Amino acid sequence: MSTHIADVAWALKPGEDFAAGRYGRGHTVKFDGGVTLAGTASEHVVGKWAAREAVDPEEMLVAALSSCHMLTFLHLARLAGFGVTAYRDHAEGVLEETKPGRRAVTRVTLRPEIDWAGATPDADQLAALHEAAHEECFIANSVRTEVVVAAPLSPR
């Protein structure tokens, strides 16, 4: 078992009106490794009160799913005897209304592109590696969101 820490901090700025909902949603997220990230609510949710240069929770969820899948995939590819030289993903999450007044990130699509050194997996091996990575990913196992791996069917 392990524990993971994120310190999230926000403060009302002078001139903002909390009771009227007229306040910035920008905040900081500091991780236990020392990295601090500018966070915000999504501009799609709060409009002008979002900090455009910051990362919203929906983006962080998509990034966490993508990163976890990648790290698990790299480990499994190595164990299977394949060499990976680069991995890129253009992951996309969809926020939808699930019932009146309720929204959720209902689907995250991962689009990994992988560069190989030496032997490359065939289409079936590649699909099996992605499926195993999805099944073993701690973050995918922690959410109800549908996670789809839309990887190319043939190695690059």
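Author: Salt bridges

Glutamate 113 forms a salt bridge with arginine 88, and their closest N and O atoms are 3.9 Å apart; the term requires a side-chain nitrogen of Lys or Arg within 4 Å of a carboxyl oxygen of Asp or Glu. Because glutamate 113 lies in strand E7 and arginine 88 in strand E4 (residues 83-89), this pair ties together parts that are 25 residues apart in sequence. Strands here are DSSP runs (E, at least two residues), numbered from the N terminus.

The model is predicted: local features need pLDDT of at least 70 and side-chain atom pairs pLDDT 80 or more, while totals for chains, interfaces and linings use all residues. Residues are numbered from 1 along each chain as its sequence is written, and side-chain values use heavy atoms, without hydrogens and water.

How covered are the two partners? Glutamate 113 has a relative accessibility of 34% and therefore counts as partly exposed (buried is under 20%, exposed over 50%, partly exposed in between, with a 1.4 Å probe and protein chains only). Arginine 88 also comes out at 34%, so arginine 88 too is partly exposed.

Arginine 88 has a further partner: a salt bridge joins arginine 88 to aspartate 115, with the closest N and O atoms 3.3 Å apart. That pair again links distant parts of the chain, arginine 88 being in strand E4 and aspartate 115 in strand E7, 27 residues apart. Aspartate 115 has a relative accessible area of 22%, which means that this residue is partly exposed.

Elsewhere, the side chains of arginine 107 and glutamate 146 meet in a salt bridge at 3.0 Å, N to O. Arginine 107 belongs to strand E6 (residues 102-110) and glutamate 146 to strand E8 (residues 146-149), so parts 39 residues apart in sequence are tied together by this pair. Arginine 107 is partly exposed, at a relative accessible area of 34%, and glutamate 146 is partly exposed at 41%. Shared partners join Arg88, Glu113 and Asp115 into one network of salt bridges. A search of the whole structure finds 4 salt bridges, among them the pairs of arginine 88 with glutamate 113 and of arginine 107 with glutamate 146.

From isoleucine 114 to arginine 52 the separation is 62 residues in sequence and 31 Å in space, C-alpha to C-alpha.

Notes:
Helices (H or I, at least four residues) and strands (E, at least two) are DSSP runs, numbered from the N terminus.
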